[in-house]
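This briefing is meant for someone meeting the structure for the first time. Please look over the sequence and the model below before reading on.

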Amino acid sequence: MAFRTSSGRFLAGLALTGFMLAAAGCQSGDNGILNLGFGKKDPTAPPPPQDSKLLASQLQAYCPRVSVRDGTAFFNTYVNEVRKPKPKLKRTGDAAADAAAQAAADAAAATPPDDSARIIYQASISDVTRDCSRADGQLTMTIAVAGKIVPGPKFTPGTITMPIRTAVMHGTDVLYSQIHQYQVQVTDPSAATQFVFTDSNIVVPAPTASDYQAYAGYDETAPKATTDKPKKNHRKKAAVTN
């Protein structure tokens with residue numbers, strides 16, 4: 001009987017203790033009051049899969065960033081002036097003096113000439129932006145380029161032409177590349193003229209990841225527009241024989 005009584009009290013006390021622990025565990029949550037190790041995350045367990053709807057919405061909102069590459073933010077135009085031929089070195093017969101004169105001439109030839117006095121105008125890009133839309137598996141972009149034109153010493157009022165290239169890349173693949181001969185009317189030789197160029201004809205395949213890159217800038221390597229005149233065909237008249 002004594003054994004049963006003590007055993008009954010022991011079981012009752014154990015049940016009460018378990019209830020208190022359970023209650024304390026439910027109330028403590030993640031505040032660190034009671035941490036028995038239950039419910040801890042396994043650091044080696046893989047992360048839960050991300051919500052596919054969130055990824056789709058992020059991709060739908062993705063619009064490739066536009067950058068201006070080094071060396072393409074400025075464009076200068078110069079007047080064509082006839083350069084004087086380099087004077088020929090006269091040999092004096094003194095080998096040391098002739099060598100020094102030749103070295104000085106070579107150094108002068110290697111130094112680029114100062115063409116600042118020949119500038120007609122200098123154009124520069126100050127800002128770029130873009131806008132995107134999607135339809136039928138394609139991405140349509142509009143790239144806008146803002147800049148200014150500063151008259152140079154040889155400036156005369158009129159229409160100037162700037163070669164502006166826009167491009168979209170996917171790694172090393174060129175998805176879109178177009179050069180535009182953009183014309184701006186400039187009349188005030190004493191102030192800078194602001195301009196905004198827009199290319200709204202950019203259509204590329206819709207990206208499957210945020211890994212497209214767009215570019216805008218001047219392209220001085222673009223071939224100049226030429227007008228080919230029709231060649232005249234000079235045909236000899238056949239001699240008339242009776």
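Thr193 is buried, with a relative accessible area of 18%, where buried means under 20% relative accessible area, exposed means over 50% and partly exposed lies in between, computed with a 1.4 Å probe on protein chains only. This residue has its place in strand S7, and, not counting residues up to four places away in sequence, Thr193 touches Gly147, Lys148, Ile149, Val184, Gln185 and Val186, a contact being heavy atoms within 4.5 Å.

The structure is a predicted model, in which local features need pLDDT of at least 70 and side-chain atom pairs count only at pLDDT 80 or more, while totals for chains, interfaces and linings use all residues. Residues are numbered from 1 along each chain as its sequence is written, and side-chain values use heavy atoms, with hydrogens and water left out.

**Overall make-up**

- The protein chain has three helices and eight strands, which are DSSP runs numbered from the N terminus (helices are H or I with at least four residues, strands are E with at least two).
- Read from the N terminus on, the elements of the protein chain follow the order α-α-β-β-α-β-β-β-β-β-β.
- Of the 242 residues in the protein chain, 23% are buried, and the chain exposes about 18500 Å², of which carbon and sulfur atoms supply 56%; accessible areas come from the Shrake-Rupley method with a 1.4 Å probe, and for residues only the protein chains shown count as cover.
- Among contacts in the protein chain between residues at least 6 apart in sequence, 73% join residues that are at least 24 apart.

**Confidence**

- The mean pLDDT of the protein chain is 75, and 60% of its residues reach 70 or more; pLDDT is the predictor's confidence in each residue, on a scale from 0 to 100.
- Among the elements of the protein chain, helix H1 (residues 2-28) has the lowest mean pLDDT, at 47, whereas strand S8 (residues 213-218) has the highest, at 97.
- Over residues 1-7 the pLDDT is below 50, and this stretch has zero contacts in the model beyond near neighbours in sequence.
- Residues 19-39 also have pLDDT under 50, and for them the model has six contacts beyond four places in sequence.
- Where pLDDT is low, the predicted coordinates should not be read in detail.

**The four-stranded sheet**

- Four strands form an open sheet in the order S2-S3-S4-S7, with antiparallel pairing; two strands pair if DSSP finds at least two bridges between them.
- Strand S2 (74-78) and strand S7 (193-205) are the edge strands, each pairing on one side only, and the twist averages 25° from one strand to the next, with axes being lines fitted to C-alpha atoms (for helices over the stretch in contact) and angles running from 0 to 180 degrees between N-to-C directions.
- S2 and S3 run antiparallel and are joined by five bridges, and Phe75 has Ala123 in S3 as its bridge partner.
- S3 and S4 pair in the antiparallel sense over 14 bridges, with Ser133 standing opposite Thr140 in S4.
- Strand S4 (residues 138-151) pairs with S7 in the antiparallel sense over eleven bridges, and the bridge partner of Ile143 in S7 is Asp199.

**The turn between S3 and S4**

- S3 and S4 form a hairpin with two residues between them, and Asp136, found in the loop between these strands, has a positive phi of about 55° although it is not a glycine.
- Asp136 counts as exposed, at 80% relative accessibility.

**The disulfide and its surroundings**

- A search of the whole structure finds one disulfide, defined as a pair of cysteine sulfur atoms within 2.5 Å, and this disulfide joins Cys63 to Cys132 with an S to S distance of 1.9 Å.
- The pair links distant parts of the chain, 69 residues apart, with Cys63 in the loop between helix H2 (52-61) and strand S1 (66-67) and Cys132 in strand S3 (residues 119-135).
- The torsion about the S-S bond of Cys63 and Cys132 is about 70°, so the disulfide is right-handed, and Cys63 counts as buried at 15% relative accessibility.
- Pro64 also has its place in the loop between H2 and S1, and this residue is buried, with a relative accessible area of 0%.
- Leaving aside neighbours within four places in sequence, Pro64 is in contact with Arg130, Cys132, Leu139, Met141, Tyr212 and Ala214; the C-alpha atoms of Pro64 and Ala214, which are 150 residues apart along the chain, are separated by 6.1 Å.
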